[in-house]
Amino acid sequence: MTDNTLRSVTVERTSTGHFTATNPRGGTISFGTGSGPDGDSEFTPVELLLAAIGGCTAADVDVATGRHVEPSGFTVTVTGNKISDELGNRMTDLAVSFSVTFPEGESGDRARAILPRAVKTSHDRLCTVSRTIEIGTHVTATVVEA
């Protein structure tokens with residue numbers, strides 16, 4: 001792999017059940033296990049996975065439709081069932097739903113017309129996150145000396 005294809009984040013423990021992920025550009029996002037005494041409002045890793053799916057496909061669709069007109073409403077909802085079975089803990093029945101509205105007029109009509117194709121193209125080809133999940137890839141876990 002070249003530096004052009006490599007993507008990375010670093011996750012650091014900040015306290016029991018709480019972590020911060022940092023990307024190479026310095027962006028951070030905090031998350032946790034969601035099981036703290038105060039109910040922890042932070043995202044859990046599973047919720048981050050759902051957000052990554054939704055964010056990836058939302059970005060694709062926004063680029064395609066935004067060429068025509070700024071949406072007046074744009075919401076993506078991602079759901080799935082967290083199960084535990086003989087294969088271990090995992091998510092099933094992942095579903096992405098778009099609710100997008102555009103202003104009236106010719107530009108809005110064009111954006112509405114391409115919305116289904118933009119969603120399909122993102123799902124079938126463009127969204128790296130959902131494509132990786134659907135196709136599958138091996139994940140390795142190792143321990144390195146600190």
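Biologist: What is F102 in contact with, leaving aside its neighbours within four places in sequence?

Modeller: This is a predicted model. In it, F102 is in contact with T65, V69, P71 and S72, and also with G108, A111, R112 and L115.

Biologist: Which residues make up the largest nonpolar core?

Modeller: Nine residues in all: V61, A64, V69, V100, F102, A111, I114, L115 and A118.

Biologist: Staying with α2, is S122 buried or exposed?

Modeller: S122 is found in helix α2. S122 counts as buried because its relative accessibility is 0%, and the cut-off for buried is under 20%.

Biologist: What does the side chain of S122 make a polar contact with?

Modeller: The side chain of T57, at 2.6 Å. Not counting residues up to four places away in sequence, S122 touches T57, D60, V61, C127 and R131.

Biologist: What is the lining of the largest pocket by class?

Modeller: Eleven nonpolar, seven polar and one charged residues.

Biologist: What volume does the second largest pocket have?

Modeller: About 240 Å³. The residues lining the second largest pocket are I53, T57, L94, A95, V96, F98, V119, H123, S130, I133 and E134. T57 is the residue whose side chain makes the polar contact with S122.

Biologist: Which elements does that lining come from?

Modeller: Two or more residues each come from α1, β5 (88–101), α2 (106–126) and α3. The largest share is from β5, with four residues. By class, the lining of the second largest pocket has seven nonpolar, three polar and one charged residues.

Biologist: While we are on β5, what about the phi of D93?

Modeller: D93 lies in strand β5. Its phi is positive, about 55°, although D93 is not a glycine.

Biologist: Is D93 buried or exposed?

Modeller: D93 is exposed because its relative accessible area is 57%, and exposed means over 50%.

Biologist: Last one, F31. Where is F31 found?

Modeller: In strand β3. F31 has 10% relative accessibility, so it counts as buried.

Biologist: What does F31 touch, not counting residues up to four places away in sequence?

Modeller: V11, G17, H18, F19, T20 and A21, plus E42, F43, P45 and L48.

Biologist: How far apart are F31 and L48, by C-alpha atoms?

Modeller: The C-alpha atoms of F31 and L48 are separated by 8.3 Å, and the two residues are 17 residues apart along the chain.

Terms used
Residues numbered from 1 in each chain as written. Predicted model: local features only at pLDDT ≥ 70, side-chain atom pairs only at ≥ 80, totals over all residues. Heavy atoms only, no water. Nonpolar A, V, L, I, M, F, W, Y, C, P; charged D, E, K, R; others polar. 1 Å grid on protein atoms, 1.4 Å probe; cavity = no way out; pocket = protein on both sides within 12 Å on 5 of 7 lines; lining within 4 Å. Points joined across faces, edges and corners; volume = space filled by probe spheres on them. Core = buried A, V, L, I, M, F, W, Y, C linked by side-chain atoms within 4.5 Å. Buried < 20%, exposed > 50% of the residue type's maximum accessible area, 1.4 Å probe, protein only. Contact = heavy atoms within 4.5 Å. Polar contact = N/O pair within 3.5 Å; in protein donor to acceptor, adjacent residues only side chain to side chain.
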